[in-house]
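Let's take a walk through this protein together. Keep the sequence and the 3D view side by side as you read.

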Amino acid sequence: MKRILVVGGGLIGIRHVAAIQAHPGCELAGLVDPDMSIAPDLTRYRDMSEVAGDVDGVIIATPTGLHAQHGIYAAERGWHMLIEKPVATDLAGARALGAAIANSGVGSLVGHHRRYHRPVQQLKKLISDGGIGTPVCANLIWAMRKPDTYFEGNWRTAGGSPVMINLVHDIDLLRFVIGEIATTTALRGSGLRGTARIESGAIALAFANGATGTISFADTSPSPWGFEAGTGENPNIGTTHQDMMWIIGTKGAISFPSMTLWQGEDWARPAVPMPLDILENDRAPLDAQLDHFIDVMDGATPLIDVADATRTLATALEIEAQLTPQLEGVANA
């Protein structure tokens with residue numbers, strides 16, 4: 001039985017608490033959050049330094065700016081860790097965290113939980129096995145309107161860029177199923193909420209294997225397109241079951257999450273849909289991630305460790321850096 005501590009009592013932290021409480025292979029060691037009014041019925045701590053009991057692992061679900069600090073402290077305590085995405089706010093923090101983990105010998109896992117969706121794993125295998133031939137291009141859309149209350153009276157008013165909050169997941173998804181991203185170019189859309197915060201844009205990607213891709217994104221536009229809406233994975237976001245990613249290769253194409261596979265030869269004949277037995281999630285992704293975290297604590301190779309997640313972070317930061325200076329003519333346009 002693994003004793004797991006959760007640090008951070010926000011929306012995702014409380015979901016982790018529930019997952020631990022429902023899992024037969026672990027028990028909750030407590031919740032750390034300075035706001036003691038959160039879940040007062042649990043074993044509560046204001047700070048990680050107050051934790052005195054046995055802890056095997058910790059799930060760090062604090063704001064991104066605290067990830068590296070909290071992860072380094074956990075490594076010093078000898079706690080295996082699952083860190084929510086992004087792994088850190090900058091590469092220096094991510095690398096310092098990686099060094100602390102290497103020196104301590106603890107296991108690390110980063111919460112890019114989309115990798116645990118069985119259809120995502122099926123998509124990765126299909127592409128790796130040549131199911132659409134050589135990948136040529138990929139197109140992805142993430143477009144939702146976040147409610148105004150999401151930004152009121154908190155850090156998101158200025159720092160709530162969808163690149164670091166949302167697209168970091170999509171970037172990791174593309175890395176996972178297609179390959180490493182070598183180059184990015186980003187264009188910023190107009191600001192509609194009256195702040196300098198990034199709200200929308202378009203991103204061009206070049207993969208190391210020669211494929212190219214695009215991401216269109218907006219947090220100002222209600223639409224049916226986005227991973228959460230398409231898969232229904234997030235109880236806080238409405239489900240549409242619409243495709244949001246299309247990958248095209250030399251022998252065909254596939255759309256996700258419907259996993260509609262098309263194959264053909266040339267333009268003289270239409271591409272035709274091919275039967276595909278779609279794998280379904282037998283465990284919710286957060287639950288499957290917790291299963292894997294328990295295995296990582298026992299020495300299993302992590303599906304995505306801090307070093308791997310740092311590469312996703314590097315791409316997200318590069319995109320954010322390209323978009324940030326593009327203020328003139330877009331903010332309050």
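## A starting question

Before we go on, a word on what you are looking at. This is a predicted model, in which local features need pLDDT of at least 70 and side-chain atom pairs count only at pLDDT 80 or more, while totals for chains, interfaces and linings use all residues. Residues are numbered from 1 along each chain as its sequence is written, and side-chain values use heavy atoms, with hydrogens and water left out.

Helix α3 covers residues 91-104, which makes 14 residues. The expected span of a helix is 1.5 Å times one less than its number of residues. For α3 this gives 20 Å, and its end C-alpha atoms are 20 Å apart, which agrees.

Now look at which residues of α3 are hidden. Buried means under 20% relative accessible area, exposed means over 50%, and partly exposed is in between (1.4 Å probe, protein chains only). The buried residues of α3 are G93, A94, L97, A100 and I101. They cover an arc of only 125° around the axis, which puts them on the same side of α3; the arc is that of the directions from the helix axis to the C-beta atoms. An α-helix has 3.6 residues a turn, so residues three or four places apart point the same way. The face of α3 turned away from its buried side carries the exposed residues A92, R95, A102 and N103. Among the elements that cover the buried residues of α3 are α2 (67-77), β5 (80-83), β6 (108-110) and α9 (306-323); contact means heavy atoms within 4.5 Å.

## The six-stranded sheet

Six strands form an open sheet with parallel pairing, in the order β3-β2-β1-β4-β5-β6. Strands β3 (44-45) and β6 stand at the edges with a single partner strand each, so one side of each has no neighbour in the sheet. Two strands count as paired if DSSP finds at least two bridges between them. Three bridges join the parallel strands β5 and β6, and L82 stands opposite L109 in β6.

Helix α1 (residues 11-22) packs on the sheet, touching β1 (2-7), β2 (26-32), β4 (57-60) and β5, and its direction makes about 155° with that of β2. Helix α8 (residues 285-297) lies across β1, β2, β4, β5 and β6, running at about 160° to β6. Axes here are lines fitted to C-alpha atoms, for helices over the stretch in contact, and angles run from 0 to 180 degrees between N-to-C directions.

## Backbone details in the loops

One joins K85 and P86, with omega about -20°, and P86 lies in the loop between β5 and α3. Another joins F256 and P257, with omega about 15°; P257 is in the loop between β12 (252-256) and β13 (260-263).

M259 is found in the loop between β12 and β13 too. Its phi is near 55°, a positive value in a residue other than glycine. Is M259 buried or exposed? At 2% relative accessibility, M259 counts as buried. H241, in the loop between α7 (227-231) and β11 (245-249), has a positive phi near 60°, but at 59% relative accessibility H241 counts as exposed.

Terms used:
Helices (H or I, at least four residues) and strands (E, at least two) are DSSP runs, numbered from the N terminus.
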